[in-house]
Amino acid sequence: MPSLLIPTALRAFTDGKSEVDAEGCTVGALVSSLADAYPDIRQHLYGEDGGLRPFINIYVGEDSIKGTGGLDTPVAEGDSVMLVPAIAGGSRRARATRGDR
Amino acid sequence: MGARIGSVIDDSRLPELSNDEISRYSRHLLLPEIGMEGQRRLRAAKVLIVGTGGLGAPLALYLAAAGVGTLGIVDFDFVEASNLQRQIIHGVRDIDRPKVASARDRIKGINPDVNVVEHMTRLSSGNALEIMRGYDVVADGTDNYPTRYLVNDACVLLGIPNVYGSIFQFEGQASVFYAKEGPCYRCLYPAPPPPGLVPSCAEGGVMGVLPGVVGTIQAGEVIKLITGGDGGLVGRLLLFDAWRMKFRELRLEKDPVCPICGENRSIHELVDYEQFCGLRPAQGEAPVESLTALELKARLDAGDAIQIIDIREPHERAIAAFPGAKPIPLGQMARRIDEFDQDIDAVFLCKIGQRSIFAIRALREAGYKGRLLNLQDGVNAWARDIDRGMPQY
């Protein structure tokens with residue numbers, strides 16, 4: 001069974017798990033089974049059009065699925081599939097989310 | 001990988017080194033990859049460090065030590081006690097000083113020959129090109145998406161390399177975005193996450209040595225861009241997990257339809273990055289209602305029926321517990337929606353009142369119909385205004 005590597009930024013939605021077993025023989029099927037198991041992560045992975053959100057990259061081994069067929073990229077036993085979201089941390093304290101107050 | 005790239009420093013600019021400098025940089029001069037010529041290039045180089053925090057600290061310290069001729073530093077912030085766990089360029093006596101002043105003193109202490117240019121300002125679309133023009137390399141050590149995209153775009157427009165580093169909790173990313181030679185940040189991430197998804201270091205925490213490692217990797221990449229040599233992290237993304245002690249490396253491809261570095265680019269000037277990153281309210285989105293700690297106290301004293309929801313994780317509640325609050329961690333809102341009483345007001349709290357906004361939005365998306373309120377400035381406001389015995393963190 002292939003496993004999905006979950007980065008720290010998304011672990012709040014997978015009960016803290018860094019690696020999740022998922023079913024499927026394509027990246028899309030794997031990610032979809034992740035979202036079924038952890039519904040709170042769904043809105044962060046998929047946009048309203050059903051496609052992957054632009055701040056999430058998925059890698060099978062060292063290669064982005066952008067160049068290998070996107071969510072249709074096949075996954076074989078033993079492949080490591082990793083979600084790589086944008087992170088921004090560096091220096092300063094948090095900025096206020098404007099407009100909310 | 002590892003294709004050779006030329007130095008960003010033109011041969012016509014190379015200064016001579018004095019005998020004192022030759023002694024000082026002897027260990028560099030002995031490396032054939034750097035040598036006299038590389039050290040002269042370092043002496044001629046102008047590097048801009050954006051942010052003098054966790055990443056900017058090792059960047060500035062090592063680049064000063066390495067003999068970079070001019071170091072520009074951009075920061076509008078002041079040193080706080082909570083910075084000192086990782087921002088090793090600042091010390092206890094620097095608390096409340098501008099970070100650029102504190103950083104300048106340390107840089108000068110390490111290497112008085114460095115010309116330090118202080119930019120005590122917030123980088124913006126209005127000033128970025130003016131500030132960044134004339135530098136040979138920019139090192140990005142900022143902590144927020146608007147500035148990341150701003151730095152990326154300005155570097156692409158000016159044709160200079162952007163040495164990128166980013167950190168979160170135990171995880172770091174590093175790369176060199178140099179549109180002339182490879183992909184830019186937008187090729188990797190065309191758009192940022194919505195505000196609130198990824199907590200800031202102030203909310204999510206960060207292991208102090210993590211920016212030390214990532215910022216030092218950035219400093220190494222800056223040096224190689226100046227001396228010329230191995231292409232380093234151009235076209236590669238380095239991932240570092242400091243907790244599991246694991247490095248991974250991913251290939252990055254240039255996006256042929258990238259809006260700023262692709263063939264038919266649509267971005268020709270800097271844009272409004274706050275808007276691009278969703279920091280202004282979207283059209284039609286209902287604002288999140290909030291209440292202050294004083295207002296919450298008044299309602300509790302009056303005996304109002306309120307459900308208070310603490311969206312923090314257990315380890316964070318252990319720092320400063322909020323009495324009477326029901327704990328439901330942020331990541332579990334949608335699946336625990338049935339635990340709410342939608343007929344009475346629900347007040348959400350976190351450390352500083354930002355992630356709780358996200359919890360409210362998640363519940364709305366999940367179909368919640370009742371009234372949802374955000375505790376403004378979080379439990380830190382409660383500690384500040386109501387319960388002085390409670391720690392602020």
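Which residue of β5(A) does L5(A) stand opposite? Select L5(A) and look across: M82(A) in β5(A) is there.

This is a predicted model, in which local features need pLDDT of at least 70 and side-chain atom pairs count only at pLDDT 80 or more, while totals for chains, interfaces and linings use all residues. Residues are numbered from 1 along each chain as its sequence is written, chains are lettered from A and ligands numbered from 1 in the order in which they are written.

**Stop 1: chain A**

Select chain A. It has two helices and five strands. Helices (H or I, at least four residues) and strands (E, at least two) are DSSP runs, numbered from the N terminus. Trace the chain from the N terminus: the order is β-β-α-α-β-β-β. Of its 101 residues, 40% are buried. Buried means that 20 or more other C-beta atoms, placed from the backbone, lie within 10 Å of the residue's own.

**Stop 2: strand β5(A)**

Now select residues 80-85 of chain A, strand β5. Five of the six residues here are buried. Two strands pair if DSSP finds at least two bridges between them. Find Y59(A); its bridge partner in β5(A) is M82(A). Strands of a sheet pair through backbone hydrogen bonds, either parallel or antiparallel.

**Stop 3: the sheet of chain B**

Move to chain B. Eight strands form an open sheet with mixed pairing, in the order β4-β3-β2-β5-β6-β7-β9-β10. Select β4 (115-119) and β10 (246-251) of chain B: they stand at the edges, each with a single partner strand, so one side of each has no neighbour in the sheet. From one strand to the next, the twist averages 15°. Now pick β2 (residues 46-50) and β3 (residues 70-74) of chain B, which run parallel and are joined by five bridges. Within this pair, I49(B) stands opposite I73(B).

**Stop 4: two helices of chain B**

Select α3 (residues 35-44) and α10 (residues 209-227) of chain B. They pack at about 110°, with axes 8 Å apart. Axes are lines fitted to C-alpha atoms, for helices over the stretch in contact, and angles run from 0 to 180 degrees between N-to-C directions. α3(B) and α10(B) are therefore roughly perpendicular, a term for angles of 65 to 115 degrees. Show G38(B), R41(B) and L42(B) of α3(B), then I223(B), I226(B) and T227(B) of α10(B): these make the contact. Residues are in contact if their C-beta atoms, placed from the backbone, lie within 7 Å.

Key. Buried ≥ 20, exposed ≤ 12 C-beta atoms within 10 Å, placed from the backbone. Parallel < 35°, antiparallel > 145°, perpendicular 65-115°, else oblique. Contact = placed C-beta atoms within 7 Å.
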